[in-house]
Amino acid sequence: MSQPEYTTAQATALTNHDRKPIHRPGTIQARGVLLALSTQLEILQVSNNTQAYLGKEPEDLLGQPLSYLLDPQQVEIVKQCLGKKIGSANAFKVLINTLHGKRYFDAIAHHTEEAVILELEPTDSESEVSFLGFHTLAGEAIAKMQSTSNLGEFLHLVAEEVQKIIGFDRVMVYQFDQSEAGSVVAEVKREDLSPYLGLHYPATDIPAQARELYTRCFLRFLPDLTAEPIKLVPTENPTTHQQLDLSYSVLRSFDWCCAEYHQNMGVKALLVISLIQEQKLWGLISCHHQTPKYISYEVRKMCEFLGQIVSSELAHKISYSEWDYKVKLKSLQSEFLESISQADNFIDALIKPEIRLLDLVSASGAAVCLDNEITLVGTTPNIHQVRVLIEWADTQVSDNLFSTDSLPKLYSEALIFKDTASGLLLLRISKVRRYYILWFRPEVLQTVHWAGNPQESIQAQADGSLTLSPRKSFEQWQETVRLTSLPWKACELDSAIALRNAIVGIVLSKADELAKINLELERSNQELASFAYAASHDLKEPLRGIYNFSTVLLEDYSQVLDDDGIECLQTVVSLSVRMETLINALLRLSQLGQAQLRLQTTNLNQLLNQVIEVFGASRQDFGLVDIRIPRPLPTVLCDRVLVNEVFSNLLGNAFKYNDKAEQWVEIGYLSQEEEQGAGSREQGAGSREQGAREKNFPLCPPHPAPLPLLHAPFPIFYIRDNGIGIPQHHLETIFRLFKRLHSQEKYGGGAGAGLAIVKKIVELHNGKIWVKSTVGVGSMFYFTLE
């Protein structure tokens with residue numbers, strides 16, 4: 001059976017086994033008596049061995065009050081357990097008259113949701129162990145265990161001290177791994193026994209139900225695995241009509257599979273103490289004896305107490321052994337997050353210097369994925385392999401953090417790059433965007449020493465079903481484990497989660513800052529636009545007065561002024577006209593800043609016809625200009641009035657700034673495919689003259705049908721001329737307000753606001769405008785209306 005087949009079979013068998021209610025066996029161990037009571041302490045069920053221990057048949061006890069067996073003071077102690085949480089026990093000594101005389105018992109009472117359970121174990125001692133006696137037995141062991149900070153030494157001392165107290169042939173400390181399999185990490189044994197130290201045991205050896213019971217009941221004692229179990233009478237609880245829940249019972253019988261498993265190891269008596277770490281089962285102190293062996297209740301309670309001390313100390317020992325590594329990760333994490341919070345470029349902050357991202361979780365390689373952009377660091381699969389891996393993760397991983405030390409077993413395509421990525425730690429930063437960080441670890445070949453062949457625990461039945469069966473051999477069995485990396489530690493996973501939380505926090509913080517800045521900018525822009533409108537409007541009245549009075553002086557008082565005075569007044573009139581032009585431009589910009597677009601379906605050919613007609617009526621030399629329209633313009637959704645202004649301004653500039661004898665202007669657009677030939681949208685060098693010119697088209701060519709309305713992708717419109725061109729160093733400034741490249745006397749003057757207005761209108765349509773130009777050759781203005 002291959003490893004994947006074995007894993008599947010193991011899971012099936014475990015599932016079948018875990019369906020068995022082992023906490024409701026219907027039997028107890030033969031070493032004592034059990035009574036199940038109602039909340040009124042009426043006897044509902046008893047074990048079928050009361051005659052041997054109490055001298056009373058089960059039928060004589062059923063239906064009787066507990067006072068029939070115990071004195072009032074003892075009954076009251078049992079009643080008190082009802083006030084405790086489920087499973088908490090009251091323990092006390094009782095003396096009961098039997099056919100064989102008076103007999104002492106250790107009485108242990110607890111309650112479940114179904115019943116009050118009283119268990120009686122015969123004892124030779126009539127008094128409980130005193131605190132001083134308990135301290136003498138346990139104090140020395142605790143002191144020794146606390147004397148070392150090394151985890152390995154600590155666990156070995158635990159095994160030694162437990163063996164001194166109970167005298168078993170073998171005491172082992174058994175640790176679970178992430179897959180619920182386990183290994184022996186400390187052992188003290190009789191010299192003639194074969195060692196189990198370092199051997200591994202599959203998860204099937206201690207199924208999930210058994211592990212769950214160990215987390216509820218911290219000590220399990222089976223003094224004789226060969227003894228026949230004792231049935232309860234009646235078999236079912238008469239109140240619930242099901243077998244009794246014995247999860248917290250000290251006398252609960254053992255599963256046949258458990259008994260056969262340990263007998264195959266040569267074990268006749270078993271004591272198991274749970275080790276709990278962070279409310280999870282970390283491991284077990286497993287004690288074996290080759291012959292039946294009984295331990296008193298007091299000694300068992302002392303072992304349970306030692307188990308709790310060990311569990312408590314375990315946290316400190318593990319923390320101490322990992323402390324240096326955790327401190328290193330924390331320090332690195334702190335520096336890393338600080339650099340990210342201050343960085344302008346997120347990817348640069350993550351990967352420069354590269355070693356920080358890898359050291360954060362001790363990985364050999366990493367990939368940072370921001371949507372379709374993937375950046376690789378260290379030793380990784382190639383870009384294509386990482387991209388496909390992320391697509392797999394999108395469908396298979398739902399959590400923000402995913403880790404595995406055996407990626408090829410989950411994702412077969414990873415076999416190709418197992419040398420670089422057998423281990424994967426994946427961090428999802430955003431659930432809305434495809435933002436991931438992936439860390440990789442290479443394959444590390446490992447030799448695992450099992451206690452017997454783990455595959456022998458899976459047995460096929462005649463009907464084809466798979467069941468767990470106790471292994472017969474526990475001789476060392478070697479397996480070479482492939483396609484695995486070093487496992488990811490909990491502190492490394494914590495480090496990755498801390499990184500995600502910090503990134504999310506930084507992004508949210510920056511988003512809040514940006515929102516505040518945008519809000520403030522919006523308010524400032526509104527105030528500035530309102531101020532510009534009001535100031536410009538108010539300036540026109542005194543300016544009009546200056547113009548009017550200067551004109552009156554020139555007309556009515558020119559005879560009393562000399563030539564210098566007349567020239568000064570003419571200059572005042574000229575400047576006032578110039579000032580009014582500038583104010584009108586400023587007013588127009590402020591109006592655009594507060595304007596609401598009136599979008600409508602617009603045939604740009606008709607709109608262009610209107611613009612050209614206006615130019616033809618206002619300019620006598622207009623007929624000398626060659627206007628070229630290579631193909632009909634599309635119909636678009638836009639503000640018709642504002643787009644008319646765009647074409648008017650751009651055409652006006654094309655006519656104005658042209659000193660050629662043969663002037664021409666070309667108006668057209670580029671489709672999505674042609675955009676590639678238009679070059680970058682960045683302002684740059686102009687286009688060269690073409691050797692051949694396109695054929696001239698009429699201004700408004702006939703259309704057999706209405707032109708389609710263009711949506712995305714949006715076309716790029718252009719207006720091209722053979723004018724004077726624009727110097728390269730001015731290409732970035734020509735869209736500024738009042739920016740002129742020539743004096744007022746040249747090329748007809750102007751306010752220098754036309755291109756600023758065009759830019760504002762294009763941006764209102766969520767578009768862009770840019771220019772390419774070559775001095776002496778011509779210019780080409782591009783714009784989009786999105």
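Which strands does helix H12 (residues 383–396) lie across? The helix lies across strand E14 (365–370), E15, E16, E17 and E18. Its direction is about 115 degrees to E18. This is a predicted model.

**The open sheet**

Now look at the strands themselves. Five of them form an open sheet, in the order E15-E14-E18-E17-E16, with antiparallel pairing. Strand E15 (373–378) and strand E16 (401–404) stand at the edges. Each has a single partner strand, so one side of each is left without a neighbour in the sheet. From one strand to the next, the twist averages 10 degrees.

Strand E17 (residues 423–430) and strand E18 (residues 435–441) are joined in the antiparallel sense by seven bridges. Here Arg428 has Tyr436 in E18 as its bridge partner.

Is strand E7 (residues 170–176) largely enclosed or left open? Six of its seven residues are buried, so E7 is largely enclosed by the rest of the structure.

| Partner of E7 | Sense | Bridges | Residues facing each other |
|---|---|---|---|
| E13 (residues 280–289) | antiparallel | six bridges | Tyr174 and Leu284 |

E7 and E8 also form a hairpin, with five residues between them. In that turn, Glu180 has a positive phi of about 75 degrees.

**Two helices that cross**

Two packed helices are described by the angle between their axes and the distance between the axes. Helix H18 (residues 640–656) and helix H19 (residues 754–764) have axes that come within 9 Å and cross at roughly 145 degrees. The crossing is left-handed. On the H18 side, the contact residues include Leu642, Val646 and Leu650. On the H19 side, they include Leu755, Ile757 and Val758. The residues of this contact divide into nine nonpolar, three polar and one charged.

**Helix H8**

Helix H8 (residues 256–264) has buried residues too: Cys257, Ala259, Tyr261 and His262. Just after the helix comes Gly266, with a positive phi of about 85 degrees.

**Cysteines**

How many disulfides does the structure hold? The count is zero. A disulfide is a covalent bond between the sulfur atoms of two cysteines. Cys81 is buried, because its relative accessible area of 0% is under the 20% cut-off. Cys217 is also buried, with a relative accessible area of 14%.

How values were computed:
Residues numbered from 1 in each chain as written. Predicted model: local features only at pLDDT ≥ 70, side-chain atom pairs only at ≥ 80, totals over all residues. Heavy atoms only, no water. Disulfide = S-S within 2.5 Å. Buried < 20%, exposed > 50% of the residue type's maximum accessible area, 1.4 Å probe, protein only. Pairing = 2+ DSSP bridges. Helix = DSSP H or I, 4+ residues; strand = E, 2+ residues; numbered from the N terminus. Axes fitted to C-alpha atoms, helices over the stretch in contact; angles between N-to-C directions. Contact = heavy atoms within 4.5 Å. Left-handed = near helix turned anticlockwise from the far one by under 90°. Nonpolar A, V, L, I, M, F, W, Y, C, P; charged D, E, K, R; others polar.
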